[in-house]
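Here is a guided reading of one protein model and its ligand. Keep the sequence and the 3D view side by side.

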Amino acid sequence: MSEKKQPSRGWQGAIMKAFRADDFVLTVTGVEQVTEHYVRLGFAGGGLLAAIPVHPTMWVRGWFPSDDALHQRGYTLVDPDPETDTFHLEFTLHDGPAARWAQKAKAGDRLSVSVMGSKFDMPDPAPTRWLIAGDTASLAAINSLLDAFTGTGTDVAATIWFEHAHDDDRDLPLRVRPQDTVHWIRRERDGLGLVEAVKAAAFDASGAHAWVALDAASTRAVTAAFRSDFKLGRGGVKSRAYWRVGKPFA
Ligand SMILES: Cc1cc2nc3c(=O)[nH]c(=O)nc-3n(C[C@H](O)[C@H](O)[C@H](O)COP(=O)(O)OP(=O)(O)OC[C@H]3O[C@@H](n4cnc5c(N)ncnc54)[C@H](O)[C@@H]3O)c2cc1C
């Protein structure tokens with residue numbers, strides 16, 4: 001009798017092994033369809049939160065099956081609770097291995113994840129305000145930041161440019177505080193709408209700190225605008241591309 005071939009992690013898996021990434025197996029404990037295009041899954045962490053301290057924007061590299069291989073994709077921990085080793089992951093839905101897996105997930109399903117490269121340090125000195133540009137893929141990370149600001153020296157106002165593709169994205173739970181301003185921007189022209197809105201709002205924001213996570217091209221453009229048009233320089237902006245238009249994001 002032939003054994004079923006296990007999907008492989010390929011070269012990405014080899015690199016992660018070489019860098020001694022920590023591996024865990026998560027178990028789905030619940031499914032909540034937040035909107036037609038956004039799903040939140042509850043997880044038991046398989047020891048993850050006992051092994052690794054929590055920080056804002058903390059993310060894991062999930063291994064999602066497709067075409068007999070495993071594909072690595074980044075997802076952000078939502079409301080991690082080290083005492084119970086539980087958290088949620090939230091998935092914006094489109095046509096890719098990770099989004100498809102999330103759409104079909106049910107309690108008891110398992111997901112292998114590796115942890116490597118996730119970190120976040122609050123800026124020191126504390127900024128005078130926050131400038132944030134993100135979309136539904138970075139909603140969980142933005143919420144973790146807004147939660148982390150509360151009660152700290154960084155609890156100053158945030159201006160958020162939030163890109164969304166669907167009408168029901170407006171129902172997503174963005175955890176804004178009374179002092180924050182949100183510009184909801186409909187995704188258009190491959191992200192140019194948001195890039196132009198940010199540039200049009202430019203002012204001398206010296207002393208502020210910016211955080212950017214959009215598709216790769218928009219991330220580059222908005223990061224450049226914050227650095228030069230808003231006068232924040234390299235040290236005043238943290239940014240990371242969260243996905244790529246028309247291509248898998250390995
Ligand atoms: C540090 C980090 C944290 C992240 N956290 C989250 C998170 O918490 N929740 C979350 O939903 N995403 C998150 N992302 C983004 C997610 O990893 C990517 O969207 C990833 O490409 C999804 O993989 P996939 O297999 O579904 O699609 P892929 O195989 O990567 O792509 C397939 C197709 O879908 C398109 N696509 C991919 N992502 C998007 C998108 N967001 N919107 C529209 N089209 C898209 C691609 O352009 C491509 O055409 C994070 C990324 C990083 C780097």
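The text below starts at the ligand, then turns to salt bridges and backbone geometry.

This is a predicted model: local features need pLDDT of at least 70, side-chain atom pairs count only at pLDDT 80 or more, and totals for chains, interfaces and linings use all residues. Residues are numbered from 1 along each chain as its sequence is written, and side-chain values use heavy atoms, with hydrogens and water left out.

Start with the ligand. The side chain of Arg73 places an N or O atom 2.8 Å from a ligand oxygen. His94 brings a polar side-chain atom to 2.9 Å from an oxygen of the ligand. Ala98 uses its backbone instead: an N or O atom there lies 2.9 Å from a ligand oxygen. Taken alone, the ligand exposes 910 Å², and the protein buries 89% of that (Shrake-Rupley method, 1.4 Å probe; for residues, only the protein chains shown count as cover).

Now the salt bridges, each a side-chain nitrogen of Lys or Arg within 4 Å of a carboxyl oxygen of Asp or Glu. The whole structure has 13. In one of them, Asp109 pairs with Lys106, with the closest N and O atoms 3.2 Å apart. Another joins Asp215 to Arg187 at 3.0 Å between the closest N and O atoms. Asp215 lies in the loop between strand E10 (209–213) and helix H6 (216–228), and Arg187 in the loop between strand E9 (181–186) and helix H5 (192–200), so this pair ties together parts 28 residues apart in sequence.

Finish with the backbone. Asp124 and Pro125 are joined by a cis peptide bond, with omega about 5°. Pro125 sits in the loop between strand E6 (110–115) and strand E7 (130–135). Asp67 is not a glycine, yet has a positive phi of about 50°. Look for Asp67 in the loop between strand E3 (59–66) and E4.

How values were computed
A polar contact is a pair of N or O atoms within 3.5 Å; within protein, one must be able to donate a hydrogen and the other to accept it, and residues adjacent in sequence count only if both atoms are side-chain atoms. Helices (H or I, at least four residues) and strands (E, at least two) are DSSP runs, numbered from the N terminus.
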